[in-house]
Amino acid sequence: MGRPRERHEAGEQDLFRARLDQILNMNHELVRLARTIDWPVLEARFGEVYCDGPGMPPLPTRLMAGLAILKHTFNLSDEVLCARWIENPYFQYLCGEEFFRHELPFDRSSMTRWRQRMGEERIAALLQESLAVAVKTGAMKPQDTRRVIVDTTVQPKNVMFPTDAKLIHRARERLVRLARKAGLDLRQSYVRVGKLALIMHQRYAHAKQFRRANKSLRKLRTYLGRTIRDISRQIAGDAALDAIFKWPLYQASTVLEQRQRQRGRKIYSLHAHEVECIGKGKAHAPYEFGVKVSVATTLKRSKGGQFALHAMALPGNPYDGHTLEKIIPAMEDTIGAEIERILADAGYRGHNAPQSHKFRVFTARQKRRVTPAIKRQMRRRSAVEPVIGHIKNEHRMGRNYLAHTQGDAINAILAAAGYNFSLLLRWLKAFLWLLIAAFLNRPKQLAA
């Protein structure tokens, strides 16, 4: 696949069409943001995955990067973003269009393939660019990034709340569907009685008749076990069928054997097996199903707002304190400077920060090495909580719709970048009104 053909403003005229820069308000915040972003830097960074060769060239980098920015800044799904892109000329200008388009120049699935091709490392360039734009526009000072606050949250996956009965029923349904597709003749599919057993289990559990509910659960386990054994007998010795059924049979057997409070890895969703059960001690949600994410913000609130400096998915549900060894170097690569001080909650006690930063980390209720100035700064530690709240509620971290572990990592970074760009749009809009007010209130010269 060749390199993308980047579109740059050519200044071409069309007798029958007006250019976007002739019909748009050039003081609009999206236009000013488009002119402030360093697109050549993003083109060089994202272009590293391509090489010169035969084939149709990919879509322009500015188009795809602009779509990713708009998606998470305005909390839009891929389908809604495509619909609004056709209607909104400001969206098209941000993505590098010179003339208004009445149809999409890309397919909706191109956004998914672009995210997968870029990966976590290169998608982080959008978060870096949001911080660079903040410094360039005066919304944040470079020294604001030297002192940071770190905390973790849970990025829930787009799965329903798992129960044993639902998982067992879904596992049997998947096996029966796949067996019919492969042409296997099962002794019994349990479609009717399996659905009835699931309904009765849910009714008994709702009525707190747990002895009857457990009886229906045992029926579901029996149906799944018979289906597994029936399929295993029929595919024995057939390498092609064994390759098709290997992963579904493994998932079904794991779901059948796993028990409550068991140690080790468990399956909570069949279509997203990477989902983990994470307990954060919240009263309204004792357990959440997704992946742990680390979020870092500035200690001091900048002029443009409380910017997010770093976001990283942490698969495996690690202890918070044992994440600093990986987070601190990645954070310094993102902001391009050395961190002077890190403030964290008590969950980071016994941390494994790099040796150079061992005494730069301060946790809640720490007594040693805490000066009065640091004690005053620790009162600002909770400033990371509203940042996490905005990122989750308004920028698509509250429910991750991207698939697999790579989707978890990409969504966390794009959500933080979208939050920063939303602050920048607000800053550019407010800054314009400040300039207008200063111009109108300037002292007038009196006539001699």
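Select Glu274 and Lys157 in this predicted model: both residues are buried, and they form a salt bridge whose closest N and O atoms are 3.1 Å apart. Glu274 sits in the loop between H11 and strand S2 (276-279), while Lys157 belongs to the loop between strand S1 (147-156) and H8, so the pair ties together parts that are 117 residues apart in sequence.

Show side chains at the contact, where residues of H8 including Leu167, Ile168, Arg174 and Leu178 meet residues of H11, among them Leu241, Phe245, Pro248 and Gln251. The residues of this contact comprise 14 nonpolar, one polar and one charged.

Move on to Lys292 and Asp320, a salt bridge with its closest N and O atoms 3.0 Å apart. Lys292 lies in strand S3 (residues 287-298) and Asp320 in the loop between strand S4 (308-314) and helix H12 (324-335), so that the pair, 28 residues apart, links distant parts of the chain. Lys292 counts as buried at 6% relative accessibility, and Asp320 likewise counts as buried, at 10%.

Finally, select Arg19, Asp21 and Glu98, which salt bridges with shared partners join into one network. Within it, Arg19 and Asp21 have their closest N and O atoms 3.1 Å apart; Arg19 is buried at 7% relative accessibility, whereas Asp21 is partly exposed at 28%.

Technical notes:
Residues are numbered from 1 along each chain as its sequence is written. This is a predicted model: local features need pLDDT of at least 70, side-chain atom pairs count only at pLDDT 80 or more; totals for chains, interfaces and linings use all residues. Side-chain values use heavy atoms; hydrogens and water are left out. Contact means heavy atoms within 4.5 Å. Helices (H or I, at least four residues) and strands (E, at least two) are DSSP runs, numbered from the N terminus. Ala, Val, Leu, Ile, Met, Phe, Trp, Tyr, Cys and Pro count as nonpolar, Asp, Glu, Lys and Arg as charged, and the others, Gly among them, as polar. A salt bridge is a side-chain nitrogen of Lys or Arg within 4 Å of a carboxyl oxygen of Asp or Glu. Buried means under 20% relative accessible area, exposed over 50%, partly exposed in between (1.4 Å probe, protein chains only).
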